[in-house]
Amino acid sequence: MIERTLSLIKPDAVQRNLTGEILAMIQGAGLKVVALKMIHMTKAQAEGFYAVHRERPFFDSLTDYMSSGPVVCSILEGEDAIHRYRELMGATNPEKAAEGTIRKKYAVSLEANSVHGSDAPETAAFETRYFFSAFEIV
């Protein structure tokens, strides 16, 4: 089934100028970029995006980090895109990520793990609408 999913290249990877390399890995894995932009979230925007984690102890640190610099937002499309992108990203903890994954290759810590991806069709629908209007998706 053709799906769409959100990808965020996080501030640590953008700052280290890894956007092109990460996008090349995504496209090399057969996922199509159908929307793309760079933004700098405010703290409030990061809190809105990560609202599901509001009660978690890492919420403030996460939202501070995600609003600390630009992120590259994209919508990826392809067969089983959510699962395929999550496999390409690797485990959230880069120490546990498989070789050849984005996080194994580029992450610097559990929080600064270079990329975000939707984990289910419902979250993909929310997350893509959070960052993109229908006019921005090709």
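View 1. In an unreviewed entry, UniProt puts a "binding site" at Lys 10, Phe 58, Arg 86, Thr 92, Arg 103 and Asn 113. Lys 10, Phe 58, Arg 86, Thr 92, Arg 103 and Asn 113 also turn up in the lining of the largest pocket. UniProt positions follow the numbering used here, feature names are shortened, and annotations may be inferred rather than shown by experiment. What you're looking at is a predicted model, where local features need pLDDT of at least 70, side-chain atom pairs count only at pLDDT 80 or more, and totals for chains, interfaces and linings use all residues. Residues are numbered from 1 along each chain as its sequence is written, and side-chain values use heavy atoms, with hydrogens and water left out.

**View 2. A look into the largest pocket.** The largest pocket holds about 590 Å³ of space. Of the 25 residues that line it, Tyr 50, His 53, Phe 58, Leu 62 and His 116 are the closest to its centre. At least two lining residues come from each of α3 (43-49), α5 (81-89), β4 (115-117) and α7 (121-131). Sorted by class, the lining has 10 nonpolar, eight polar and seven charged residues. Here, Ala, Val, Leu, Ile, Met, Phe, Trp, Tyr, Cys and Pro count as nonpolar, Asp, Glu, Lys and Arg as charged, and the others, Gly among them, as polar. A pocket is found on a 1 Å grid over the protein atoms alone: it is an open set of points where a 1.4 Å probe fits, with protein on both sides within 12 Å along at least five of seven lines, and lining residues have an atom within 4 Å of a point. Grid points are joined across faces, edges and corners, and a volume is the space filled by probe spheres set on the points.

View 3. Lys 10 sits in the loop between β1 (2-9) and α1 (11-15); helices (H or I, at least four residues) and strands (E, at least two) are DSSP runs, numbered from the N terminus. Is Lys 10 buried or exposed? Lys 10 is buried, with a relative accessible area of 5%. Buried means under 20% relative accessible area, exposed over 50%, and partly exposed in between (1.4 Å probe, protein chains only). Not counting residues up to four places away in sequence, Lys 10 touches several others, including Tyr 50, Tyr 65, Glu 111, Asn 113 and His 116; contact means heavy atoms within 4.5 Å.

**View 4. Arg 103 in helix α6.** Arg 103 belongs to helix α6 (residues 102-106) and is buried, with a relative accessible area of 5%. Leaving aside neighbours within four places in sequence, Arg 103 is in contact with residues including Met 89, Thr 92, Pro 94, Asn 113 and His 116. The C-alpha atoms of Arg 103 and Ser 114 are separated by 6.4 Å, though these residues are 11 apart along the chain.

**View 5. Strands side by side.** β1 and β3 run antiparallel and are joined by eight bridges; two strands pair if DSSP finds at least two bridges between them. Along this pairing, Thr 5 stands opposite Leu 76 and Leu 8 opposite Cys 73. β2 (residues 32-39) also runs antiparallel to β3, with seven bridges, and Ala 35 faces Ile 75 there. Three bridges join β1 to β4, again antiparallel, with Ile 9 partnered by Val 115. Eight of the nine residues of β3 (residues 71-79) are buried. Six of the eight residues of β1 are buried, so β1 is largely enclosed by the rest of the structure.

**View 6. Phe 131 in helix α7.** Phe 131 is found in helix α7 and is buried, with a relative accessible area of 8%. Phe 131 and Leu 6 lie 125 residues apart along the chain, and their C-alpha atoms are separated by 8.9 Å. Setting aside residues up to four places away in sequence, Phe 131 touches Leu 6, Leu 8 and Cys 73, among others.
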